[in-house]
Every structure is written in structure tokens, then in C-alpha cells.
Amino acid sequence: TPIIAALGLLVVVGRAGAACRLDGRYRGGTGVSLSFVGCEVRVGKEGGFALRGEPVWTNDALNLSSAVTQGATTLPIAASGLGGRLLSAVVPVGSSINLTSAFDSAGTDIDRSRYAVTAVDDGLNTLTIHRGTDWAYATGVVRVEVSSLLTATTAEYARSVQVADGTKFPTGAWVLIEDDRPCASSTGPQYTRIRQEMARVLEQDGNTLSLNRFLEHDFSTSYRARVVLLDPVIGAEVQGAGISLVEAEDSYNQIIADIRYAVNARIVDCTIDHDAAFSRPGSNFRLSVSYGCAIENCAVVNPRFYAEGQGYCFRAQGATTGTFIDCSAEGGRIGFTCGNGATDIKFIRPRAWNQSNKALDCHGQDERTVHFEDIDVGGYNILSDGTRYAISAGNPTWQAGCRRFSVSGGRIAYQDSGDIVLYACPPAASVTVVGVRGNHGRPGRFGNGDNRQ
């Protein structure tokens, strides 16, 4: 039974024998607080649920004029949606766009693809984007985000930005500051975003935006740095949900429980148990691009994984000021991890046992200010896929490094050999581990990059 109160608050409370349901592909609206207490969450083949808002879009919705293949960098646009205008007037170079298709799956709904426009051909009505498309599209719709390019590069710890058109961002607006620089990797540049932080506009003075926080990254006009206007879901919550995997997934790497484009949202007291039928790979609990959000007292048991990029139990991916409190990861590939430039992330009392690869991890995608406190790491996993790390700062594959990484208190208690207590891969900077107790089947090793020093 929904209980609707003032101030846009919606609370849905499940009762014994009559629990409400959040079916797969649920997305929790924008500009409103949604609270689901004691619900049953049924995760079907098309993916999980998300508490998420959206970027604010312009009024233009453009259709692809023909199909595009996976990995395409040119999008053909139908002239019918332009209303006689030039394509470059509707989608200027530097714009950020969303591309989705009529196929309503987790890949195009829960985790909508975003691309930056690097060139526009008004004669052919085509857009060139900064990286290849994630999927093939038989049909598709392009939505243009409300954004403005920075007119000056910002340094680290800037608290204001200069944009081409400040009128798009009124005082009090939530915004995303980002650029498109590639991430260095052992296989060449990868175009996963590693510079993205959320903030609120405290004051809009002409084309100068003053923000509510210092930005930890620098943002470069050489990589189309921009500000994007957001319509976040605010104060949303799922609490005490029973999460059931009721069908086999229709694609790999789905996210089961996600918080994205959200402010002060929480997922509390929830468990994802993969011992039941329909276990799947991918990410379980994820804080994506968000601000001040939390995952508390949640657990993941024995997630399936086949390869790298799968089996993440708890993940902060591009999040700003996020917290994981009293969460437990059992039997995954990676217990707790940060990636994609996640900033100011805290893991309080994380428990990561029997992980096959890493217990606590910063992924080497330019994460900033990540802290683990009172850790409980150990166990044994016969499925180990290579050398296992208790604490990993940085990554030999992803080479953008991490900065201000710290661990304080707790224990590491592996029962088998092969553990590395700390692996710090340059250019990791300011890595600190204090007061962690060890109880090993053999002496722990410290690693430094690939030299194991």
C-alpha cells in the first residue's frame, strides 16, 4: 500500500504475506523521494533495480536514420527530427548525448550509454562520438543533455568553474563536472570516464559557477570538459528488501542494485544470495555517479563470475562522497572496489572473505581519497584466478593510478598461501596502511607494482 505524504515523499511499505514488489528494471524517478521498506525485489532476465535520476535533456529527441554496428563512432541522424534546423545547432560539438534503443534491457535502460560529440556533419546529418558504441542498434533515439563546455581548464581543488553559458545552471542545481580524457592502460588508451564529480551550484554569477565542494580532479578543455545539468532522485531508499534472482540473465555484467544520478539515497539491510538458482556475473551493489549516497548493512553471497570485469560485490563507480557501512562480501571475485574516478569514498567495517582475486581494491582509474576502516579480510577460495591481494591500490592493467588511499584498523586472516598484503601499483600516490593485524598461514608479502618489492 503506498502512503503519499507532503513534499513529494512516497513511502511503500510491505506487510507480512502481502509484500510489495519492485520488479526488474525499476528506475526510481527524479526530483522526488522514494522509500521502499520491506519489499520483495524480483530480478528478472533484464537486470536489477536502480534508484536513479537522469541528466536533464533538451526537448529534442532524434532518431537514428539507419542501423549502427557495435563499436561504431558515427551516428546517422534522421532529418525529420530537426524541424528544418542544422544538426550542429541542435547538437553542438562537445555535447553529451544519451543513446538508447527500443530494446528495453538493462543495458539500455538501467545503464544508459552516454557519448560525447566530437564532430557534426550538417551535410550528411551525422554525429561523430568520442568512442565506439557499446552495442549494435537497429533503431535508436538520441537525447541531448543540457550541458555547457568549460571555457578554462580547472586545477585540482577548484571550487568554481567557468562555462560558456552559465544561465543553464541556476543556483541550487545539481550538476556533473566531467571530461573525456582516456584512461591509460596496458593495452592502450581506454575511453572509460575517469574524471567525473557531482556538486551543487551555490551561486551562478554570469558564466561562473560556485560549487558546494572542492573538486578533487582537474578538468581539461583539451578533453571537452563540461558541466551537465542533472535531475537527481533525492533521498530515495530501499530498506530490508528480499532480493530474488528469478530468471537467467539475458546478458553478462548486469548490475543488480544500483544508485545513479542520486543525492542522499540509500540501500539498507538487503542481501543478494547467488547460491539459489539464476546466479549471475556482473556487479551486485553499486554506487554509480551520485552524491552523498550509502549502502549499509548489505551482503553478497557467492556471485558468479567467468572473467575479469565480473564478480564485483560492492562497487563505487564514479561516485562522489559515498559510504559503504557494515557490508559483507562472501565468495566473490572482488569484495570492495572503486573505479572510474570515484572520489571521497569510505568503507566502514567491510567484511571480505573468500574472494578469489582482491578483497579491497582501488581500480587504477584515477580514484581520489578512498578510505577503508576496521577491515575484516581473509578466508580461502580454491577458485583463485591468479595472485590474490588483500589490499590493492592501483592496477597493472588500468594505469591512471589512485591518490590518497588509506586503510586503518582491522585484520587480514588468510588460511592459505598466495596473499599479498598490500599491492601498490604506480602511479598510486599517498598509500597509507595503519594498525592492521595479520594472521596468515604464511608470512604476508608487500607488493610494489610488478616488482613485488
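A charge is taken to sit over a ring if NZ of Lys or CZ of Arg is within 6 Å of the ring centre and within 35 degrees of the ring normal. By this criterion, Arg315 lies over the face of Tyr312, at 4.3 Å from the ring centre. The charged end of Arg159 likewise sits over the ring of Phe214, 5.0 Å from its centre. The model is predicted, with local features requiring pLDDT of at least 70 and side-chain atom pairs counted only at pLDDT 80 or more, whereas totals for chains, interfaces and linings use all residues. Residues are numbered from 1 along each chain as its sequence is written, and side-chain values use heavy atoms, with hydrogens and water left out.

Aromatic pairs were then examined. Rings of Phe, Tyr and Trp (its six-membered ring) pair if their centres lie within 6.5 Å; planes under 30 degrees apart count as stacked, over 60 as edge-to-face and the rest as tilted. A search of the whole structure finds eight such pairs. Phe324 and Phe347 are stacked, at 4.8 Å centre to centre with 10° between the planes. Because Phe324 lies in strand E32 (residues 320–325) and Phe347 in strand E35 (residues 343–348), this pair ties together parts that are 23 residues apart in sequence. Strands (E, at least two residues) and helices (H or I, at least four) are DSSP runs, numbered from the N terminus.

Phe324 is buried at 1%, and Phe347 is buried at 0%. Phe347 also forms an edge-to-face pair with Phe336, at 5.8 Å centre to centre and 80° between the planes. Phe336 belongs to strand E34 (residues 334–339), and this pair links distant parts of the chain, eleven residues apart. Phe336 is buried as well, with a relative accessibility of 1%. Phe324, Phe336 and Phe347 are among the members of one aromatic cluster, which also includes Phe285 and Phe314.

A nonpolar core is a set of buried Ala, Val, Leu, Ile, Met, Phe, Trp, Tyr and Cys residues joined through side-chain atoms within 4.5 Å. The largest has 56 residues, of which Ile267, Phe285, Ile295 and Phe314 touch the most other members. Strand E40 (residues 401–414) gives the most to this core, with five residues. A second, separate core of 19 residues includes Ile97, Val117, Leu127 and Val142.

Note on methods. Buried < 20%, exposed > 50% of the residue type's maximum accessible area, 1.4 Å probe, protein only.
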